[in-house]
Amino acid sequence: MSFNPKKCSLLRVTRKRKIVTHTYSMMGTDLEQTDHHPYLGVELASGLEWKHHIKTITGKAHRSLNFIQRNLNHCPLEVKKRAYTSLIRPTLEYAAVCWDPHHQKEITSLESIQRKATRFITRDYRKTSSVTALMKKVELPSLQQRRENARLTMLYKIHHNEVQVKIPACYTQSKTPTVRTRYQREGQYNIITPRTDSYKFSFFPRTIPAWNQLPLHITTAPSVSSFNNRLQTADTGHLSS
């Protein structure tokens, strides 16, 4: 396999204030240093923040939404909803279990696209109309809730060994210096206290508290589809995330 040095970049991930820099080269060409760069469809950043990725996908989703608005304006509600859920929403949710934001500004930026799409789907642009009520009418749950459900579904797959991802030992050991709670019942994990936001809001520290609050009949569901059905019918709005 050959690489094109002009298409390769150097991305440093560090929390150090004084960074020891070094020039890396490939095939005699120095690699250009960057603060963020796409990798497998996700924009990675040196500070482990996701603002660059969210800006990229929201821009792409806006362009796609404008396109279907121009071309499907007079189509039935179901056609417009199908266009949104198949062409736009997947862009906003690709690999979301990794980058699910916790800053309200970024959450609002994502939700604004679905709220705009909801008005388009229902053809209701009145200022007095409640977009939240319109979303319930057309059965469009919030993107934030869908991302939480996606994280819980991924943890279900990990817990039942359906994916090749191991849970770190600090969440399964009975005694560790950072453990705040012990096992309360089968299938629960330790809750630890991260020191940085980048770790605190990463997948395991953020998802495990919500997982521990799920009723036993949900976490012990016999299949992924059964877990999703039970999760959607349960009231998960109160879970920690």
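**Figure 1. The whole chain in outline.** Among contacts in the protein chain (heavy atoms within 4.5 Å) between residues at least 6 apart in sequence, 57% join residues at least 24 apart. This is a predicted model, in which local features need pLDDT of at least 70 and side-chain atom pairs count only at pLDDT 80 or more, while totals for chains, interfaces and linings use all residues. Residues are numbered from 1 along each chain as its sequence is written, and side-chain values use heavy atoms, with hydrogens and water left out. The protein chain has ten helices and six strands; these are DSSP runs, numbered from the N terminus, with helices being H or I of at least four residues and strands being E of at least two. The C-alpha trace spans about 55 × 55 × 35 Å along its principal axes. Of the 241 residues in the protein chain, 37% are buried. Here, buried means under 20% relative accessible area, exposed means over 50%, and partly exposed lies in between, with a 1.4 Å probe and protein chains only.

**Figure 2. Helices H1 and H2 packed against each other.** Two packed helices are described by the angle between their axes and the distance between the axes. For H1 (residues 51-71) and H2 (residues 77-93), the angle is about 165 degrees and the axes are 8 Å apart. The axes are lines fitted to C-alpha atoms, for helices over the stretch in contact, and the angles run from 0 to 180 degrees between N-to-C directions. H1 and H2 are therefore roughly antiparallel to each other; angles over 145 degrees count as roughly antiparallel, under 35 as roughly parallel, 65 to 115 as roughly perpendicular and the rest as oblique. To find the contact in your viewer, pick Ile57, Thr58, Lys60, Ala61, Ser64, Leu65 and Ile68 in H1, which meet Ala83, Tyr84, Leu87, Ile88, Thr91 and Leu92 in H2. The residues of this contact of H1 with H2 divide into nine nonpolar, three polar and one charged. In this grouping, Ala, Val, Leu, Ile, Met, Phe, Trp, Tyr, Cys and Pro count as nonpolar, Asp, Glu, Lys and Arg as charged, and the others, Gly among them, as polar.

**Figure 3. Asn66 of helix H1 and Ala117.** Asn66 lies in H1 and counts as partly exposed, at 29% relative accessibility. From C-alpha to C-alpha, Asn66 and Ala117 are 9.4 Å apart in space, and they are 51 residues apart in sequence.

**Figure 4. Helix H8 and its surroundings.** Helix H8 (residues 203-213) is mostly covered, with ten of its eleven residues buried. Among the buried residues of H8 are Pro205, Ile208, Pro209 and Asn212. The buried residues of H8 pack against H3 (96-99), H6 (143-159), H7 (197-200), H9 (216-219) and H10 (224-233).

**Figure 5. Helix H6 meeting helix H8.** H6 and H8 pack at an angle of about 90 degrees, with their axes 10 Å apart. H6 and H8 are therefore roughly perpendicular to each other. On the H6 side, the contact is made by Glu148, Arg151, Leu152, Met154, Leu155, Tyr156, Ile158 and His159; on the H8 side, by Phe203, Phe204, Arg206, Thr207, Ile208, Ala210 and Trp211. The residues of the contact of H6 with H8 divide into ten nonpolar, two polar and three charged.

**Figure 6. Aromatic pairs.** A search of the whole structure finds four aromatic pairs. Rings of Phe, Tyr and Trp (its six-membered ring) pair if their centres lie within 6.5 Å; planes under 30 degrees apart count as stacked, over 60 as edge-to-face and the rest as tilted. The rings of Tyr156 and Phe227 have centres 4.6 Å apart and planes at 20 degrees, so this pair is stacked. The pair links distant parts of the chain, since Tyr156 is in H6 and Phe227 in H10, 71 residues apart. Both Tyr156 and Phe227 are buried. Phe203 and Phe204 form an edge-to-face pair, 5.0 Å centre to centre with 75 degrees between the planes. Phe203 is buried, with a relative accessible area of 14%, and Phe204 counts as buried at 14% relative accessibility. Tyr156, Trp211 and Phe227 form one aromatic cluster.

Figure 7. Most residues other than glycine have a negative phi. Ala95, in the loop between H2 and H3, has a positive phi of about 60 degrees although it is not a glycine. Ala95 is partly exposed, with a relative accessible area of 25%. Asn161 has a positive phi of about 60 degrees and lies in the loop between H6 and H7. Asn161 is exposed, with a relative accessible area of 59%.
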